[in-house]
Amino acid sequence: MHLTPDEDSRLTFTVAPDANGILPDRMIAAMAAAGLILPAYDFVESQIQPASLDLRLGDIAYRVRASFLPGPGATVAERIDELKLHEFSLADGAVLETNCVYIVPLLESLALPPEIVAAANPKSSTGRLDVFTRVIADGTRRFDMIGAGYHGPLYAEISPKTFPVLVSEGSRLSQVRFRTGDAILNPDELDALHAAERLVDIDDADLSGGVAVSVDLSGEKSNGFVGYRAKRHTGVVDVDRRAGYSVDDFWEPISARPDGSLILDPGEFYILASKEAVQVPPDYAAEMVPFDPLVGEFRVHYAGFFDPGFGYAGAGGLGSRAVLEVRSREVPFILEHGQIVGRLVYEKMLARPDAMYGQRIGSNYQAQGLKLSKHFRV
Ligand SMILES: O=c1ccn([C@H]2C[C@H](O)[C@@H](COP(=O)(O)OP(=O)(O)OP(=O)(O)O)O2)c(=O)[nH]1
């Protein structure tokens, strides 16, 4: 990466044409300095993460009749005009109700160069609250994907599934990664990285198509819990309030069964944990993907980005487990202890981040076991 002043002393940002990787924190800052990321006003503290940028909600929300993708040649603003039921201000906060669809213009827009693409995902805290959130760009046919060279605004589509949530201008529900080239490790590279770093702490790791992650239904040593099922008809959760709510008001703990199984009720939302401890070494980032896109019975991972340094001993993360957001679809479905539920796909960072996950003030989930979102008091 080079950041050089041009004749008008504007900073120009360039990456080598053959570079492959996800851009780390300081390159995200350099992109903003060069005008490739355009925040409506200055970033706030910790908005730039080791391998991603948190996106902030703007000051207005639109309730729309249905979710949509604009498609080529159409803007999101045009579709909002057609589909909006009403609009309201987020300046002093507003409640988003369950199962309604809202569109909120984000404070960050992009002016990407041709060699950089962006991919968005809910923040882990958003996924753990079951707030279904995707990013939409103008002219796009896909959620959460922002094409190379995109110049334009970004919008969040938000649909709380379980708890009504209070959001405000500046609330950070989504995050975006910037990538150049092809950063995914090939099977040989993944084998070599696992041999060197032990990405999951089991002896016979399944590395085909990503590192297999399985569910732990044996029960926590301290209390015998395997997970939590979300309650219905609860109070509102303020997404910006940390440790503000009692677990009992929102969640039912689930105890281990002697046979290590768990029947998922269709339509219910569960927080479970992985059996394996997982880690992401500093020069890599990972993403949790469905273990097999053809098995549609249940879904894990609404929020799938794993930061460089997550679970890494050198960043205080030894023994971190992946927290899994799980939902069964049409029929009750039996999960068994040790069943594979997702795969961690590893990608190269373009350079090591200045700060890894866990080394920054405010990393909430380093060294976690079975952990609800930061909003709940332990
Ligand atoms: O399905 C997931 C997704 C992420 N994580 C872990 C790995 C990731 O590195 C960490 C934090 O994720 P993220 O940065 O998305 O969450 P956040 O809400 O921004 O938390 P923090 O404030 O700790 O950054 O949570 C999980 O355990 N399960």
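A residue counts as buried under 20% relative accessible area, as exposed over 50%, and as partly exposed in between. Keep that in mind as we walk through this predicted model, looking for salt bridges.

**Stop 1: Asp-283 and Arg-352.** Select Asp-283. Its relative accessibility is 29%, so Asp-283 counts as partly exposed. How accessible is Arg-352? Arg-352 is partly exposed too, because its value is 43%.

**Stop 2: Lys-348 and Glu-189.** Next, select Lys-348, and then Glu-189. Their side chains meet in a salt bridge, at 3.3 Å from N to O. Which elements hold the two partners? Lys-348 belongs to strand 30 (residues 340-348) and Glu-189 to helix 4 (residues 187-197), so distant parts of the chain, 159 residues apart, are linked here. Lys-348 is partly exposed at 25% relative accessibility, and Glu-189 is partly exposed at 33%.

**Stop 3: Arg-257 and Asp-259.** Select these two together. Their closest N and O atoms are 3.6 Å apart, and the pair forms a salt bridge. Arg-257 has a relative accessible area of 42%, so this residue is partly exposed.

**Stop 4: a network.** Finally, select Asp-54, Lys-123 and Arg-172: a network of salt bridges links these residues.

How values were computed
Residues numbered from 1 in each chain as written. Predicted model: local features only at pLDDT ≥ 70, side-chain atom pairs only at ≥ 80, totals over all residues. Heavy atoms only, no water. Salt bridge = Lys/Arg side-chain N within 4 Å of Asp/Glu carboxyl O. Helix = DSSP H or I, 4+ residues; strand = E, 2+ residues; numbered from the N terminus. Buried < 20%, exposed > 50% of the residue type's maximum accessible area, 1.4 Å probe, protein only.
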